[in-house]
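The structure is shown first, and the comments follow.

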Amino acid sequence: MNSPSAHLLIVDDDQITLDLLKEVLTKEGYQVYTALSGEEAISLGMDHLFDVVITDVRMREMDGMEVLKSFKKMSPDSSIIVITAFGSMETAIEAIREGAFDYISKPFRLEEIRLTVKRALEQKRILEENKLFRQELLEKYQIKNVVGRSPQMLQIYKTIAKVADSKSTILIYGERGTGKELIARSIHYNSNRNHRPFIPVDCASLVETLMESELFGHVRGAFTGAHSTKKGLIEEADGGTLFLDEIGNLSLSVQAKLLRFLQEHEIKRVGGTENIKVDVRIIAATNQPLEPLIKANKFREDLFDRLNVVSISIPPLRERKEDIPLLANHFLRRFSEENQKNISHFSPETLELLTEYSWPGNVRELEHTIERAVILTNRPVILPEDLPKKIFEEVKETGFKFPEKLLPLKEIEKRYVLKVLEETGGNKKKASEILGIDRTTLYRILERE
Ligand SMILES: Nc1ncnc2c1ncn2[C@@H]1O[C@H](COP(=O)(O)OP(=O)(O)OP(=O)(O)O)[C@@H](O)[C@H]1O
Ligand SMILES: [Mg+2]
């Protein structure tokens with residue numbers, strides 16, 4: 001990696017070496033700074049962030065070991081390379097112990113310097129990527145990012161906490177968009193397997209003829225087109241978790257092989273003879289009940305029993321309406337941030353509509369609805385008009401509904417009057433006729449707080 005943005009600092013009290021190194025490393029495309037003493041280096045380090053610091057050990061005033069120690073404290077992310085005198089192995093070892101990335105002993109070849117800097121930057125990049133990657137995943141899938149406080153969801157959190165660290169197979173059932181994959185991921189990321197891969201497989205999209213080799217791998221020449229031996233997804237997930245989505249779509253022959261794997265913890269690649277031990281936790285999911293498939297001889301009952309050791313059933317959103325405002329606000333915050341908008345809340349009518357709607361596409365549909373509303377509006381609040389028409393239409397069709405909360409008659413009265421007014425297009429005369437009250441009464445009701 002010749003990272004042109006990399007900042008390097010060279011410290012040496014010999015001007016000639018300094019100039020030479022600067023010339024060579026600038027040619028590599030780095031931004032090169034120099035210091036003629038340890039003190040100067042440290043004062044540069046106060047307001048610069050150097051990716052790599054190269055320092056001579058033997059210098060007249062402050063020596064290179066002091067520079068190393070100061071930088072380790074002041075700027076722990078900088079990689080330090082020390083240049084030691086010929087034959088002073090002890091200094092080199094001490095430098096490494098103090099946290100130097102590497103040492104180069106004199107007399108050095110310029111090529112050595114070039115390569116060591118390159119390696120230091122490469123390692124930094126990998127470390128940074130790993131750190132980011134892990135942090136991102138952990139943040140995304142910790143249970144705390146699964147939103148919902150309904151009794152059914154609380155029960156699911158308890159199950160996750162109980163089974164995460166065990167190796168038991170889990171079967172997740174839920175309509176489309178209820179969060180099956182999210183729950184599977186949070187089981188994985190809360191388990192002691194979280195440093196190994198989580199591999200999702202959509203069984204519905206696997207071509208039947210390739211299903212087996214996708215999952216179990218194949219050896220070279222196992223079939224036309226198998227030019228080389230290839231690991232299957234089960235092997236790829238070794239040490240981690242394999243998420244088999246839409247498990248009801250597996251062919252009977254693959255079901256038999258999967259059952260064998262669950263019993264023996266071994267696989268055989270297609271065309272191969274060797275039994276390979278693999279340590280994988282299986283989480284399966286389905287949005288159709290498997291029992292009818294078992295009755296129709298399309299799904300093996302013994303496999304079902306094996307998979308169903310622990311089962312989690314995620315209820316549809318319409319059966320846990322109290323989660324809707326929480327989820328809606330969660331998505332509102334996320335999408336406002338992503339779109340750099342300052343939208344603080346939903347109007348009460350909007351929340352009521354969201355809560356009343358039946359959400360056939362469950363959480364995913366809610367997520368998309370909020371995203372769309374955030375993109376469309378330029379107000380700080382989401383109003384009913386920012387929602388798709390079908391939500392109004394459905395909620396209207398189901399007609400007048402008693403609110404879930406018990407309210408005083410006066411409150412219901414006002415709401416009903418408003419509803420009738422809405423239906424009559426704001427015509428107060430018509431409304432009072434329908435309601436069987438005179439207009440003064442209608443006004444009085446409307447003026448109530
Ligand atoms: N409880 C929840 N909290 C926060 N986000 C959720 C929750 N449940 C689902 N989601 C989000 O809703 C979307 C759909 O979830 P997911 O893909 O896990 O559902 P699924 O059941 O696997 O859907 P499908 O059956 O369509 O594959 C995802 O973006 C997910 O992050
Ligand atoms: Mg899914």
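**Notes on the model**

1. Asn297 is not a glycine, yet its phi is positive, at about 60 degrees. Asn297 belongs to the loop between α11 (291-295) and α12 (301-307); helices (H or I, at least four residues) and strands (E, at least two) are DSSP runs, numbered from the N terminus.

2. This is a predicted model, in which local features need pLDDT of at least 70 and side-chain atom pairs count only at pLDDT 80 or more, whereas totals for chains, interfaces and linings use all residues. Residues are numbered from 1 along each chain as its sequence is written, and chains are lettered from A and ligands numbered from 1 in the order in which they are written.

3. Glu246 also has a positive phi without being a glycine, here near 55 degrees. Glu246 lies in the loop between β8 (241-245) and α10 (252-264). With 19 other C-beta atoms within 10 Å, Glu246 is partly exposed. As background, most residues other than glycine have a negative phi, and most peptide bonds are trans.

4. A further backbone feature is the cis peptide bond between Lys106 and Pro107, with omega at about -5 degrees. Pro107 sits in the loop between β5 and α5 (110-141).

5. The domain assignment, which is automatic or taken from a database, divides the protein into domain 1 (7-133), domain 2 (142-315), domain 3 (319-397) and domain 4 (409-447). Between the C-alpha centres of domain 2 and domain 4 there are 58 Å.

6. The shell has 16 residues, and Val147, Gly179, Lys180, Glu181 and Val363 come nearest; a residue is near a molecule if its C-beta atom, placed from the backbone, lies within 6 Å of it. The elements that supply two or more residues are α7 (180-189) and α15 (362-376). By class, five shell residues are nonpolar, six polar and five charged; Ala, Val, Leu, Ile, Met, Phe, Trp, Tyr, Cys and Pro count as nonpolar, Asp, Glu, Lys and Arg as charged, and the others, Gly among them, as polar.

7. One open sheet has five strands with parallel pairing, in the order β2-β1-β3-β4-β5; two strands pair if DSSP finds at least two bridges between them. Since β2 (31-35) and β5 (102-105) are at the edges with a single partner strand each, one side of each has no neighbour in the sheet.

8. Strand β4 (residues 79-84) runs parallel to β5 and is joined to it by four bridges. Thr84, in strand β4, has Ser105 of β5 as its bridge partner. Thr84 counts as buried, with 24 C-beta neighbours inside 10 Å. Leaving aside residues up to four places away in sequence, Thr84 touches Val57, Thr91, Ala92, Tyr103, Ser105 and Lys106; contact means that the C-beta atoms, placed from the backbone, lie within 7 Å.

9. Another open sheet of five strands, also with parallel pairing, has the order β7-β8-β11-β6-β12. Its edge strands are β7 (198-202) and β12 (310-314), each with a single partner strand, so one side of each is left without a neighbour in the sheet. Helix α7 lies across β6 (170-174), β7, β8, β11 (281-286) and β12, at about 155 degrees to β6.

10. Is β8 enclosed or open? Five of its five residues are buried, so β8 is largely enclosed by the rest of the structure. Thr241, Phe243 and Asp245 cover one side, and Leu242 and Leu244 the other. Five bridges join β7 to β8, and four join β8 to β11. Thr241 stands opposite Phe198 and also opposite Arg281 in β11.

Terms used: A residue is buried if 20 or more other C-beta atoms lie within 10 Å of its own, exposed if 12 or fewer, and partly exposed in between; C-beta atoms are placed from the backbone. Two residues are in contact if their C-beta atoms, placed from the backbone, lie within 7 Å. Axes are lines fitted to C-alpha atoms, for helices over the stretch in contact, and angles run from 0 to 180 degrees between N-to-C directions.
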